[in-house]
Amino acid sequence: MGSGYCCVLFPTTLPCALGLSSVKKAVKSQRPVNLDLRTIKLPITAYTSILHRVSGVILFVGIALLLLALDTSLSSPEGFEEVRAYLGSPLAKLVSWALLSALLYHLVAGVRHLIMDSGHGETLEGGKLGSKIVIVVSAVLIVLAGVWIW
Amino acid sequence: MVTNVTNFSRSGLYDWMAQRVSAVVLAAYFLFLLGYLIANPGLEYSQWHALFSANWMRIFSLLALVALSVHAWVGMWTISTDYLTNMAIGKWATGVRFLFQAVCGIAMFTFFVWGVQILWGI
């Protein structure tokens, strides 16, 4: 802050009247002025973070489908076969894969959070490396999930 | 200072902890179910029904359902307070955010009751 205080405490003193612009500049240079995410170029860590949130929202909506499948499959032997037959259709396979992908990504990114909570990978470089590991590991798991489903 | 009355526990630190504890429960439940389905490719109704009828599985499932409710609320709340702001959507943000949170809360409560009905209806 430095001389900036003079404007607040003594707004009529001479240094303030004369050096207003330089004081403004000094204050601005030390403060984050733009927190609007839509106008900032995002680093890889931001993408993995946003994907964690997107996958979470997808899963929240997907709970309805999972409960429906569980409900029907447990209702009767006929319901069980109905779910099994439906899960064989291409659309259901695609939806299952999408939900499973969201879950796997969310899980891997969540495990990274726990690792970071324990104090590992919290530096700028560590964060970038962690993000890359999350992307690679979840991509491998998502491909494996696709192999399992088809 | 911004005061929040809509978050899970009135405390960011407790929310943070609840998010982690519920996450571990959900991870265990998901990995168990996934492992079970992978290990039993030719799964039959009787086996599936027996699994979910077992007391320990009911306890595990109810625990996961409670964890899911907490986890989803903290997550959706965090997203709503980060993106549904005055800067992003204008002066009605507080109303929109409250509405969004209400819809999430009602949806999650519905999921919870539905889940309990499934677990105790079999």
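The exercises below, each with a worked solution, concern a predicted model.

Residues are numbered from 1 along each chain as its sequence is written, and chains are lettered from A in the order in which they are written. Because the model is predicted, local features need pLDDT of at least 70 and side-chain atom pairs count only at pLDDT 80 or more, while totals for chains, interfaces and linings use all residues.

**Exercise 1.** State how many helices and strands chain A has.

*Solution.* Helices (H or I, at least four residues) and strands (E, at least two) are DSSP runs, numbered from the N terminus. By this rule chain A has 7 helices and 0 strands. Its pattern along the sequence is α-α-α-α-α-α-α.

**Exercise 2.** Describe the length and the bend of helix H4 of chain A.

*Solution.* Step one: H4(A) covers residues 44–75, which is 32 residues.

**Exercise 3.** Find which elements the buried residues of H4(A) pack against.

*Solution.* A residue is buried if 20 or more other C-beta atoms lie within 10 Å of its own, exposed if 12 or fewer, and partly exposed in between, with C-beta atoms placed from the backbone. In H4(A) the buried residues include Thr48(A), Leu59(A), Phe60(A) and Leu74(A). In chain A, the buried residues of H4(A) pack against H5, H6 and H7. In chain B, their partners are H2, H3 and H5.

**Exercise 4.** Work out how H3(B) and H5(B) are arranged.

*Solution.* Their axes are 10 Å apart, at an angle of about 170°; axes are lines fitted to C-alpha atoms, for helices over the stretch in contact, and angles run from 0 to 180 degrees between N-to-C directions. H3(B) is therefore roughly antiparallel to H5(B), a term for angles over 145 degrees. Among the residues making the contact are Trp73(B) and Trp77(B) of H3(B) and Phe100(B) and Phe112(B) of H5(B); two residues are in contact if their C-beta atoms, placed from the backbone, lie within 7 Å.

**Exercise 5.** Count the residues of chain B in contact with chain A.

*Solution.* 19 residues of chain B are in contact with 19 residues of chain A. On the chain B side, H1(B) gives the most, with 5 residues.

How values were computed: Expected span 1.5 Å × (residues − 1). Bend = angle between axes of the 7 residues up to and from the residue. Parallel < 35°, antiparallel > 145°, perpendicular 65-115°, else oblique.
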